[in-house]
Amino acid sequence: MNTKAFLIDALGGALELGIGTPEDVLRHVTPDVLAAHLPRPLWARLLTACLGASRVDAALVVDTIGVPNLCEHMPAPLIWACIADVAARSLGKPAPLTRADVKGSTRPSSVLAPPPEPARSPAPVAAGSTPVAIGPSIPPAPQPAANQPLADLITELEQDGGLGEPKVRPRSPTASRFRQSNTSIGRGTLGSAARRPQASASPTVGRTPRRSGTEVEDPATAVDSADWRQREIAVDDSQLVDWQADGAGAGSSGSNAVTGDDDFGDLGRKR
Amino acid sequence: MSDQRQAWFARVVESGLQNEIFNPADVLAHATPDVLANHLPPELLSKVLAASLAAGAMTPERVLETVTPELLAKHLPHEVLWACIAAAAARAGVTNVVVS
């Protein structure tokens, strides 16, 4: 029993002889049915024909797919429903009831789903204008550029803390093992909050530190002498010493004293 | 339109026979002797009888060898042919027609 061939003959003959029309076919073989059963290559052929045609109608669909393909891929009861409609009309009878009609589903199943809404594209921004920030300023996620093959690796390392700012890692339980052995700090009940009291290290006021024997220069005196070196000192004539005359009278000892004290840097301290 | 319809029924009946959707006995189950006698012309009835007498038997196959699908579609009511076709299609499982 070759049911397909019989259906091809019956439906093809009806179309060839004008007993049936392509609209009769699409009344049962709806686009939904085609979508569910027609193979993709035939869909490609159908779409190509529809795109190239000035008018798309049932005849174009049926002619493009072909009756053999319809009978091959569509459910046989649907093809038979087409044939039964044709026969009933030619015999002057009402269309036969189908099981779908008995179930009350009189609405044809050829209603196509509405086409999806076109994708909304963002409004074009005029050249040179500054975009208005609507939301919080969130830095964009790093996108690996095509000319940066290591961008992904760098990003992963940064996230792992390998590069850049180091991340604070959670303290491991073994990190405090040395302190626990001696001071028992960090044990379960005490924890790190219980610390032994420690002496404060505030500096003492009004007490100079003891000087060691090796220190030569008094810091305060050194500051004073430095100040004196910067000043111009007022001296009376009575304070001046004619050292050349004294030197002549003093003899060799006075000369030695003068020559031994030729450094006038500490002149003020001698007075 | 009548010629096309007749040609189509003839084609469907022929295809049904060739594709074994139904057999000659199924046809004669609907195209009963009474139907044949009331619709076939006398010369055709005569030919059927002559062929059967020559073969020694009248079988459905031999009847349809004489009364071809074209002649069936030409002389028999198409409702009879359609009933034969529809019943055979129902047996073949290709129909969803609710038989009332």
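Is Phe22(B) buried or exposed? Phe22(B) is buried, with a relative accessible area of 2%. The model is predicted.

**Nonpolar core**
- The largest nonpolar core has 59 residues.
- Within that core, Trp8(B) and Trp82(B) touch the most other members.
- The top contributor is helix α7 of chain A, residues 76-90, which gives eight residues.
- Setting aside neighbours within four places in sequence, Trp8(B) contacts a run of chain A residues, including Asp9(A), Ala10(A), Gly13(A), Ala14(A) and Leu17(A).
- Further contacts of Trp8(B) include Ile19(A), Ile83(A), Val86(A) and Ala87(A).
- Trp8(B) also contacts Trp82(B) in its own chain.

**Phe6(A) with Phe22(B)**
- Over all chains, the structure holds three aromatic pairs.
- One of them joins Phe6(A) and Phe22(B) edge-to-face, at 6.4 Å centre to centre and 85° between the planes.
- This pair crosses between chains.
- Phe6(A) lies in helix α1 (residues 3-17) of chain A, while Phe22(B) sits in the loop between α1 (2-18) and α2 (24-30) of chain B.
- Phe6(A) counts as buried because its relative accessibility is 0%, under the 20% limit.

**Trp80(A) with Trp82(B)**
- The ring centres of Trp80(A) and Trp82(B) are 5.1 Å apart.
- Their planes are at 5°, so the pair is stacked.
- This pair also crosses between chains, from helix α7 of chain A to helix α7 (residues 78-92) of chain B.
- Trp80(A) is buried, at 0% relative accessible area.
- Trp82(B) has a relative accessible area of 14%, so Trp82(B) is buried too, as the limit is under 20%.

How values were computed
Residues numbered from 1 in each chain as written. Chains lettered and ligands numbered in written order. Predicted model: local features only at pLDDT ≥ 70, side-chain atom pairs only at ≥ 80, totals over all residues. Heavy atoms only, no water. Core = buried A, V, L, I, M, F, W, Y, C linked by side-chain atoms within 4.5 Å. Buried < 20%, exposed > 50% of the residue type's maximum accessible area, 1.4 Å probe, protein only. Helix = DSSP H or I, 4+ residues; strand = E, 2+ residues; numbered from the N terminus. Contact = heavy atoms within 4.5 Å. Phe/Tyr/Trp six-rings, centres within 6.5 Å; stacked < 30°, edge-to-face > 60°.
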